[in-house]
Amino acid sequence: MAQIIAVHSFRGGTGKSNLIANIAATMALQGQRVGIIDTDIQSPGIHVIFGLNENKIERSLNDYLWGQCDIKDAAYDVTDTLIAEPGNAGTVKGRLYLVPSSIKAGEIARILREGYDVIRLNDGFQQLIRSLKLDYLLIDTHPGLNEETLLSIGISNVLIILLRPDNQDFQGTAVTVDVARKLRVPKMLLVINKALPSLNFADLQQQVEKIYNVPVAGILPLSEEMMQLASLGIFSLRHPEHPISQTIAGITDQIAGLVVTR
(Lines give C-alpha, C1' and ligand atoms only; values in the text may rest on other atoms or scores of the structure.)
Protein backbone atom coordinates (compact mmCIF):
# COMPACT_ATOMS: atom_id res chain seq x y z
CA MET A 1 0.00 0.00 0.00
CA ALA A 2 1.37 3.40 -0.98
CA GLN A 3 2.13 5.84 1.80
CA ILE A 4 1.02 9.46 1.39
CA ILE A 5 3.45 11.85 3.07
CA ALA A 6 2.27 15.45 3.41
CA VAL A 7 5.04 17.94 4.18
CA HIS A 8 3.81 21.20 5.65
CA SER A 9 4.98 24.38 7.30
CA PHE A 10 2.78 27.08 8.77
CA ARG A 11 4.97 29.84 7.32
CA GLY A 12 6.85 30.14 4.05
CA GLY A 13 10.60 30.09 3.67
CA THR A 14 11.23 27.12 5.92
CA GLY A 15 12.91 25.00 3.23
CA LYS A 16 9.99 22.65 2.64
CA SER A 17 10.60 22.01 -1.06
CA ASN A 18 14.28 21.23 -0.51
CA LEU A 19 13.42 18.79 2.26
CA ILE A 20 10.88 17.01 0.06
CA ALA A 21 13.28 16.83 -2.91
CA ASN A 22 16.04 15.36 -0.78
CA ILE A 23 13.80 12.81 0.95
CA ALA A 24 12.29 11.74 -2.37
CA ALA A 25 15.72 11.42 -4.00
CA THR A 26 16.96 9.31 -1.09
CA MET A 27 13.94 7.03 -1.40
CA ALA A 28 14.46 6.61 -5.15
CA LEU A 29 18.12 5.76 -4.63
CA GLN A 30 16.96 3.02 -2.26
CA GLY A 31 14.74 1.48 -4.93
CA GLN A 32 11.35 3.05 -4.19
CA ARG A 33 8.91 4.40 -6.76
CA VAL A 34 8.24 7.93 -5.56
CA GLY A 35 5.95 10.72 -6.71
CA ILE A 36 5.92 14.39 -5.71
CA ILE A 37 2.97 16.72 -6.27
CA ASP A 38 3.52 20.46 -5.89
CA THR A 39 0.19 21.65 -4.51
CA ASP A 40 1.65 25.02 -3.55
CA ILE A 41 -0.22 26.38 -6.56
CA GLN A 42 0.06 30.02 -5.52
CA SER A 43 3.87 29.95 -5.25
CA PRO A 44 5.27 26.81 -6.91
CA GLY A 45 9.00 26.18 -6.79
CA ILE A 46 10.10 22.57 -6.34
CA HIS A 47 10.45 22.14 -10.13
CA VAL A 48 13.56 24.35 -10.01
CA ILE A 49 15.44 21.79 -7.93
CA PHE A 50 14.85 19.19 -10.66
CA GLY A 51 15.87 21.46 -13.53
CA LEU A 52 12.38 21.98 -14.98
CA ASN A 53 11.70 25.42 -16.39
CA GLU A 54 8.67 26.94 -18.09
CA ASN A 55 9.77 25.67 -21.52
CA LYS A 56 9.99 22.08 -20.28
CA ILE A 57 6.63 22.04 -18.48
CA GLU A 58 3.98 21.29 -21.10
CA ARG A 59 1.37 20.03 -18.64
CA SER A 60 0.98 20.91 -14.98
CA LEU A 61 -1.26 20.22 -12.01
CA ASN A 62 -3.30 23.23 -13.11
CA ASP A 63 -4.19 21.52 -16.39
CA TYR A 64 -5.39 18.44 -14.53
CA LEU A 65 -7.49 20.52 -12.11
CA TRP A 66 -9.12 22.29 -15.09
CA GLY A 67 -9.95 18.93 -16.71
CA GLN A 68 -7.52 19.40 -19.61
CA CYS A 69 -5.48 16.23 -19.03
CA ASP A 70 -5.11 13.14 -16.88
CA ILE A 71 -2.92 13.51 -13.80
CA LYS A 72 -0.33 11.07 -15.18
CA ASP A 73 0.08 13.33 -18.23
CA ALA A 74 1.36 16.07 -15.90
CA ALA A 75 3.87 13.73 -14.22
CA TYR A 76 7.50 14.16 -15.31
CA ASP A 77 10.03 11.38 -14.79
CA VAL A 78 12.91 13.25 -13.13
CA THR A 79 14.96 10.15 -12.29
CA ASP A 80 17.60 11.30 -14.76
CA THR A 81 18.19 14.31 -12.51
CA LEU A 82 19.46 11.92 -9.86
CA ILE A 83 21.56 9.92 -12.32
CA ALA A 84 23.19 13.14 -13.54
CA GLU A 85 24.55 13.93 -10.08
CA PRO A 86 28.23 13.02 -9.57
CA GLY A 87 28.75 9.43 -8.44
CA ASN A 88 25.18 8.28 -9.07
CA ALA A 89 25.42 6.87 -12.60
CA GLY A 90 23.99 3.37 -12.52
CA THR A 91 23.13 3.50 -8.82
CA VAL A 92 19.51 4.70 -8.96
CA LYS A 93 17.31 1.67 -8.34
CA GLY A 94 13.89 3.33 -8.16
CA ARG A 95 11.98 6.01 -10.06
CA LEU A 96 11.08 9.57 -9.20
CA TYR A 97 8.19 11.53 -10.73
CA LEU A 98 7.16 15.16 -10.25
CA VAL A 99 3.81 16.82 -10.93
CA PRO A 100 4.63 20.55 -10.97
CA SER A 101 2.23 23.43 -10.63
CA SER A 102 2.21 26.04 -13.38
CA ILE A 103 4.71 28.87 -13.09
CA LYS A 104 2.85 31.04 -15.61
CA ALA A 105 1.53 34.20 -14.00
CA GLY A 106 -1.79 34.06 -15.87
CA GLU A 107 -2.50 30.50 -14.74
CA ILE A 108 -1.61 31.27 -11.13
CA ALA A 109 -3.94 34.27 -11.28
CA ARG A 110 -6.72 32.09 -12.70
CA ILE A 111 -6.41 29.64 -9.80
CA LEU A 112 -6.55 32.52 -7.33
CA ARG A 113 -9.56 34.01 -9.12
CA GLU A 114 -11.60 30.90 -9.91
CA GLY A 115 -10.37 28.31 -7.42
CA TYR A 116 -10.58 24.60 -8.24
CA ASP A 117 -12.34 21.39 -7.26
CA VAL A 118 -10.54 20.06 -4.18
CA ILE A 119 -12.25 16.67 -4.57
CA ARG A 120 -10.70 16.38 -8.03
CA LEU A 121 -7.32 17.03 -6.43
CA ASN A 122 -7.88 14.12 -4.03
CA ASP A 123 -8.91 11.89 -6.94
CA GLY A 124 -5.70 12.89 -8.69
CA PHE A 125 -3.59 11.73 -5.76
CA GLN A 126 -5.14 8.27 -5.92
CA GLN A 127 -4.97 8.07 -9.72
CA LEU A 128 -1.30 8.98 -9.70
CA ILE A 129 -0.50 6.31 -7.12
CA ARG A 130 -2.26 3.67 -9.21
CA SER A 131 -1.03 4.67 -12.66
CA LEU A 132 2.64 5.01 -11.63
CA LYS A 133 2.54 2.15 -9.10
CA LEU A 134 4.01 4.40 -6.41
CA ASP A 135 5.39 3.30 -3.08
CA TYR A 136 5.35 6.86 -1.75
CA LEU A 137 3.54 10.05 -2.71
CA LEU A 138 4.98 13.23 -1.21
CA ILE A 139 2.77 16.31 -1.19
CA ASP A 140 4.41 19.74 -1.15
CA THR A 141 1.68 21.79 0.55
CA HIS A 142 0.97 25.50 0.56
CA PRO A 143 2.12 27.23 3.79
CA GLY A 144 -0.58 28.04 6.31
CA LEU A 145 -4.01 26.45 6.31
CA ASN A 146 -6.51 26.48 3.47
CA GLU A 147 -8.90 23.99 1.88
CA GLU A 148 -6.19 22.27 -0.17
CA THR A 149 -3.86 22.03 2.82
CA LEU A 150 -6.57 20.54 5.01
CA LEU A 151 -7.26 17.92 2.33
CA SER A 152 -3.57 17.02 2.00
CA ILE A 153 -3.18 16.74 5.76
CA GLY A 154 -6.44 14.87 6.15
CA ILE A 155 -5.61 12.09 3.69
CA SER A 156 -1.96 11.65 4.64
CA ASN A 157 -0.59 8.58 6.35
CA VAL A 158 2.28 10.65 7.73
CA LEU A 159 2.42 14.41 8.23
CA ILE A 160 5.86 16.01 8.42
CA ILE A 161 5.76 19.52 9.86
CA LEU A 162 8.80 21.66 9.14
CA LEU A 163 9.61 24.57 11.45
CA ARG A 164 12.48 26.85 12.31
CA PRO A 165 13.63 27.61 15.87
CA ASP A 166 11.63 30.83 15.78
CA ASN A 167 8.76 31.93 18.03
CA GLN A 168 6.48 32.72 15.07
CA ASP A 169 7.07 29.24 13.69
CA PHE A 170 6.47 27.72 17.12
CA GLN A 171 3.07 29.42 17.38
CA GLY A 172 2.02 28.46 13.84
CA THR A 173 3.15 24.88 14.32
CA ALA A 174 0.94 24.60 17.39
CA VAL A 175 -2.05 25.47 15.19
CA THR A 176 -1.06 22.88 12.56
CA VAL A 177 -0.55 20.15 15.17
CA ASP A 178 -3.95 20.89 16.69
CA VAL A 179 -5.65 20.73 13.29
CA ALA A 180 -3.85 17.49 12.39
CA ARG A 181 -5.02 15.88 15.61
CA LYS A 182 -8.60 16.91 14.90
CA LEU A 183 -8.24 15.37 11.43
CA ARG A 184 -6.89 12.21 13.09
CA VAL A 185 -3.67 12.05 11.10
CA PRO A 186 -2.19 8.65 12.00
CA LYS A 187 1.42 9.81 12.41
CA MET A 188 3.13 13.17 12.80
CA LEU A 189 6.83 13.98 12.72
CA LEU A 190 8.53 17.33 13.27
CA VAL A 191 11.65 18.47 11.43
CA ILE A 192 13.51 21.56 12.61
CA ASN A 193 15.38 23.44 9.89
CA LYS A 194 17.93 26.26 9.81
CA ALA A 195 19.05 25.72 13.39
CA LEU A 196 22.21 27.60 14.33
CA PRO A 197 25.06 25.09 14.68
CA SER A 198 25.93 26.70 18.03
CA LEU A 199 22.61 25.51 19.54
CA ASN A 200 22.46 22.41 21.69
CA PHE A 201 20.45 20.15 19.37
CA ALA A 202 19.61 17.62 22.09
CA ASP A 203 18.14 20.35 24.30
CA LEU A 204 16.27 21.87 21.35
CA GLN A 205 14.75 18.50 20.45
CA GLN A 206 13.68 17.89 24.02
CA GLN A 207 12.12 21.36 24.26
CA VAL A 208 10.16 21.02 21.00
CA GLU A 209 8.94 17.50 21.75
CA LYS A 210 7.72 18.67 25.16
CA ILE A 211 5.81 21.60 23.61
CA TYR A 212 3.96 19.56 20.97
CA ASN A 213 4.14 15.98 22.24
CA VAL A 214 5.27 15.00 18.73
CA PRO A 215 8.60 13.31 17.94
CA VAL A 216 11.33 15.33 16.25
CA ALA A 217 12.63 13.23 13.35
CA GLY A 218 15.66 15.43 12.75
CA ILE A 219 17.27 18.84 13.17
CA LEU A 220 18.91 20.41 10.10
CA PRO A 221 21.60 23.02 10.76
CA LEU A 222 21.77 26.37 9.01
CA SER A 223 24.26 25.73 6.24
CA GLU A 224 26.33 27.98 4.00
CA GLU A 225 26.70 25.10 1.52
CA MET A 226 22.92 24.78 1.24
CA MET A 227 22.61 28.51 0.62
CA GLN A 228 25.34 28.39 -2.04
CA LEU A 229 23.55 25.60 -3.91
CA ALA A 230 20.51 27.92 -4.10
CA SER A 231 18.05 25.12 -5.00
CA LEU A 232 19.94 24.29 -8.20
CA GLY A 233 20.19 20.60 -7.44
CA ILE A 234 19.68 18.03 -4.72
CA PHE A 235 21.87 18.80 -1.75
CA SER A 236 22.16 15.31 -0.30
CA LEU A 237 23.50 14.00 -3.63
CA ARG A 238 26.03 16.80 -3.97
CA HIS A 239 27.20 16.58 -0.34
CA PRO A 240 26.45 13.02 0.86
CA GLU A 241 28.69 13.28 3.94
CA HIS A 242 27.30 16.63 5.12
CA PRO A 243 25.38 16.63 8.44
CA ILE A 244 22.24 17.79 6.59
CA SER A 245 22.46 14.81 4.22
CA GLN A 246 23.06 12.41 7.09
CA THR A 247 20.04 13.79 8.95
CA ILE A 248 17.85 13.53 5.84
CA ALA A 249 18.93 9.89 5.47
CA GLY A 250 17.85 9.33 9.06
CA ILE A 251 14.48 11.01 8.49
CA THR A 252 13.95 8.86 5.39
CA ASP A 253 14.75 5.72 7.37
CA GLN A 254 12.18 6.72 9.99
CA ILE A 255 9.53 7.18 7.31
CA ALA A 256 10.42 3.82 5.76
CA GLY A 257 9.93 2.21 9.14
CA LEU A 258 6.33 3.41 9.28
CA VAL A 259 3.56 1.47 7.58
CA VAL A 260 0.56 3.55 8.53
CA THR A 261 -3.03 2.98 7.45
CA ARG A 262 -5.97 5.31 7.87
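Me: Where is H242 in this predicted model?
Reply: Let's walk along the chain in this predicted model. Helix 11 covers 235-238 and helix 12 covers 243-256. H242 sits between the two, so its place is the loop between helix 11 and helix 12.

Me: Is H242 buried or exposed?
Reply: Buried means under 20% relative accessible area. H242 comes in at 14%, so it counts as buried.

Me: Which residue's side chain makes a polar contact with the side chain of H242?
Reply: Leaving out residues up to four places away in sequence, H242 touches S223, E225 and F235. A polar contact needs a pair of N or O atoms within 3.5 Å. At 3.4 Å, the side chain that makes a polar contact with H242 belongs to E225.

Me: What is the phi of N213?
Reply: First, find N213 in the loop between helix 9 (201-212) and strand 8 (216-221). Most residues other than glycine have a negative phi. N213 is not a glycine, yet its phi is positive, at about 55 degrees.

Me: Is N213 buried or exposed?
Reply: The cut-off for exposed is over 50% relative accessible area. N213 has 65%, so it counts as exposed.

Me: What is the phi of S231?
Reply: Look in the loop between helix 10 (224-229) and helix 11 for S231. S231 is not a glycine, but it has a positive phi of about 65 degrees.

Me: What is the relative accessible area of S231?
Reply: Partly exposed lies between the buried cut-off of under 20% and the exposed cut-off of over 50%. S231 is partly exposed because its relative accessible area is 24%.

Conventions:
Residues numbered from 1 in each chain as written. Predicted model: local features only at pLDDT ≥ 70, side-chain atom pairs only at ≥ 80, totals over all residues. Heavy atoms only, no water. Helix = DSSP H or I, 4+ residues; strand = E, 2+ residues; numbered from the N terminus. Buried < 20%, exposed > 50% of the residue type's maximum accessible area, 1.4 Å probe, protein only. Polar contact = N/O pair within 3.5 Å; in protein donor to acceptor, adjacent residues only side chain to side chain. Contact = heavy atoms within 4.5 Å.
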